[in-house]
Amino acid sequence: MKHNTMLTIASLPWVAAEDIESWLASENLAADSIKVIRNHETQESKGFAFVEAPNADEMQAIIRRFDRAPLEDRLLRANPAQPLSPKAGHPLSRPKRGPG
């Protein structure tokens with residue numbers, strides 16, 4: 001069974017969100033994928049990102065390095081990502097309808 005290796009980095013300054021890959025590389029850390037969360041209308045960063053680490057040890061190293069790390073006028077937060085749970089009324093939580 002593969003362990004969850006997804007984490008979130010939050011409290012990112014608007015201009016810094018695109019630099020996550022560079023930050024990781026500068027610390028000799030790696031990510032399999034990085035997804036910066038954006039406003040659908042403006043495409044501006046919402047200040048957080050999901051990062052998938054290649055393994056649990058790398059995920060913990062990223063969390064140790066970036067959780068509560070100062071950047072500009074804020075402290076970053078890095079934590080294991082929580083699994084998605086269906087929200088009442090959310091379009092993806094509706095039961096699927098069969099044919100007919």
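Is glutamate 27 buried, partly exposed or exposed, and what is its relative accessibility? Glutamate 27 counts as partly exposed because its relative accessibility is 33%, where buried means under 20% relative accessible area, exposed over 50%, and partly exposed in between (1.4 Å probe, protein chains only).

The structure is a predicted model, in which local features need pLDDT of at least 70 and side-chain atom pairs count only at pLDDT 80 or more, while totals for chains, interfaces and linings use all residues. Residues are numbered from 1 along each chain as its sequence is written, and side-chain values use heavy atoms, with hydrogens and water left out. The mean pLDDT (the predictor's confidence in each residue, from 0 to 100) is 83 for the protein, and 77% of the residues reach 70 or more. Over residues 90-95 the pLDDT falls below 50, and this stretch has two contacts in the model beyond near neighbours in sequence, a contact being heavy atoms within 4.5 Å. Where pLDDT is low, predicted coordinates should not be read in detail.

The protein contains two helices and six strands, taken as DSSP runs numbered from the N terminus (helices: H or I, at least four residues; strands: E, at least two). From the N terminus on, the order of the elements is β-α-β-β-α-β-β-β. Among these elements, the mean pLDDT is lowest in strand 2 (residues 33-38), at 89, and highest in strand 6 (residues 77-80), at 97. Of the contacts between residues at least 6 apart in sequence, 58% join residues at least 24 apart.

Strand 1 takes part in two pairings, a pair requiring that DSSP finds at least two bridges between the strands. Strand 1 runs antiparallel to strand 3, and four bridges join them; leucine 7 stands opposite valine 51 in strand 3. Strand 1 also pairs with strand 6 in the antiparallel sense, over four bridges, and here threonine 8 stands opposite asparagine 79 in strand 6.

Buried residues make up 29% of the 100 residues in the protein. In soluble globular proteins, nonpolar side chains tend to be buried together. A nonpolar core is defined as a set of buried Ala, Val, Leu, Ile, Met, Phe, Trp, Tyr and Cys residues joined through side-chain atoms within 4.5 Å. The largest such core has 18 residues, of which Leu7, Ile9, Ile20, Ile62 and Phe66 touch the most other members. Two or more residues each are given to this core by strand 1 (6-10), helix 1 (20-26), strand 3 (45-52) and helix 2 (56-66). Helix 2 supplies the largest share, five residues. Leaving aside neighbours within four places in sequence, phenylalanine 66 is in contact with Trp23, Leu24, Glu27, Leu29, Leu76, Arg77 and Ala78.

Proline 13 lies in the loop between strand 1 and helix 1. Proline 13 is buried, with a relative accessible area of 2%. Residues up to four places away in sequence not counted, proline 13 touches Leu71, Glu72, Arg74 and Leu76. The C-alpha atoms of proline 13 and serine 45 are separated by 8.7 Å, the two residues being 32 residues apart along the chain.

Side chains of opposite charge can pair when their charged atoms come close. With a salt bridge defined as a side-chain nitrogen of Lys or Arg within 4 Å of a carboxyl oxygen of Asp or Glu, the count comes to three. Glutamate 27 forms a salt bridge with arginine 65, the closest N and O atoms being 3.2 Å apart. This pair links distant parts of the chain, 38 residues apart, with glutamate 27 in the loop between helix 1 and strand 2 and arginine 65 in helix 2. Arginine 65 counts as partly exposed, at 36% relative accessibility.

A salt bridge also joins arginine 77 to aspartate 67, with the closest N and O atoms 2.9 Å apart. Arginine 77 lies in strand 6 and aspartate 67 in the loop between helix 2 and strand 4 (70-71), so this pair ties together parts ten residues apart in sequence. Arginine 77 is partly exposed at 30% relative accessibility, and aspartate 67 is partly exposed with a relative accessible area of 23%. Arginine 74 forms a salt bridge with aspartate 73, where the closest N and O atoms are 3.7 Å apart. Arginine 74 is partly exposed, with a relative accessible area of 31%, whereas aspartate 73 is exposed, at 68%.
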